[in-house]
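Keep the viewer open as you read.

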Amino acid sequence: MTSAWADLAYDSWQATCDTLHAHTQVLGKLAVALAPPEPQLQHAALRLTARGWETAPLPAPDGSGAFVAALDLHTHDAVVEHSDGRVRRIALGPDRAVADVTRQVLGTVADLAGAVTIDTKPQEVFWTARLDEDYEHASYDHTKVETYFAMATQAALVLAQLRAPYRGRSSPVNAWWGTFDLAVSLFSGRPADAPSAGFIMRNSANAEQIEIGWWPGDARYPRPAFFAFAVPMPAGFDQATLAPSAARWHTELGEFILDWDDVRASADPRATAVDFGLSAIRHACTVCGWDPALASSAQGLTPPLT
């Protein structure tokens, strides 16, 4: 059994990580094409469940009901399930190109639920091959994926605990397929001017929010870590000391960082990660001038249930 607080540096599984990341993009593209649009692009997010990454139920293009597309990280299959009970599985590896899996997933969706066209251009990644033409990414190490999934599950539990008491609008624990991270967003209820005119930023950063998340590392920062930032980010936002003492501001990334290694080395890893999130929320609510009642609720200071 994989240790829940195991360690997996990006450099040690980059080929598999990037392949898995590409597979999640296929699911995300299905959500973009079929899910009813929501503010801040929330409809495009996936979820981390007990079996892996998956979509919410999506309307079948042929009107026959709904379907879910998933990556089962226990059996290492892509799964397409129709609401009428039909299920198809597509093997992910160990040596299957993203292009082959993508084409088979889309063909299976067409067979079970009706044809759908997605934009196969990958987003927010350093490679450019379209998903249905990507023969570069074909590595899939089952053991590495299982270790990643154990880590991601612990991170998702931390994020769920952080968002639970907040009384304003908040997101679920989203699995973002562009940046391959897990994150929750807390919203103040006020609009914001998006920091750029690009499609993603224009539509996702148009409301005041605090985001707390986790990702397994990438080429820029090749180790797993929790992160926190605010949108918009006021002057001086980076001038804070967060808990625990290992947390720090990362100028290149533009966010506060707490390395996974520092979390797992602590006496109580989950409590340490939660403390980081609460510290970031407390700081952001203060410097961003949020409603004190909302700020208090984020810290768990809510009236008792009656």
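Two strands count as paired if DSSP finds at least two bridges between them. The model shown is predicted. In it, six strands form an open sheet in the order 7-8-9-10-12-11, with antiparallel pairing. Strand 7 (174–176) and strand 11 (248–250) stand at the edges. Each has a single partner strand, so one side of each is left without a neighbour in the sheet. From one strand to the next, the twist averages 30°.

Now look inside the sheet. Strand 9 (residues 207–215) and strand 10 (residues 225–231) run antiparallel, joined by seven bridges.

Next comes the packing. In soluble globular proteins, nonpolar side chains tend to be buried together. The largest nonpolar core here has 83 residues. Within this core, W53, Y148, L182 and F226 touch the most other members. Helix 3 (residues 142–163) gives the most to this core, with 10 residues. Which residues does F226 contact, leaving aside neighbours within four places in sequence? Among them are A155, V158, W214, W215, F256, W260 and F276. A second, separate core has 12 residues, including A45, W215, F227 and L253.

Finally, step back to the whole chain. The secondary structure comes to seven helices and 12 strands. Of the 306 residues, 53% count as buried. A compact globule with 306 residues would have a radius of gyration near 19 Å, and the chain agrees, with 19 Å. Along its principal axes, the C-alpha trace spans about 50 × 45 × 40 Å. Among contacts between residues at least 6 apart in sequence, 62% join residues at least 24 apart.

Technical notes. Residues numbered from 1 in each chain as written. Predicted model: local features only at pLDDT ≥ 70, side-chain atom pairs only at ≥ 80, totals over all residues. Heavy atoms only, no water. Core = buried A, V, L, I, M, F, W, Y, C linked by side-chain atoms within 4.5 Å. Buried < 20%, exposed > 50% of the residue type's maximum accessible area, 1.4 Å probe, protein only. Helix = DSSP H or I, 4+ residues; strand = E, 2+ residues; numbered from the N terminus. Contact = heavy atoms within 4.5 Å. Axes fitted to C-alpha atoms, helices over the stretch in contact; angles between N-to-C directions. Rg over C-alpha atoms; globule rule 2.2 N^0.38 Å.
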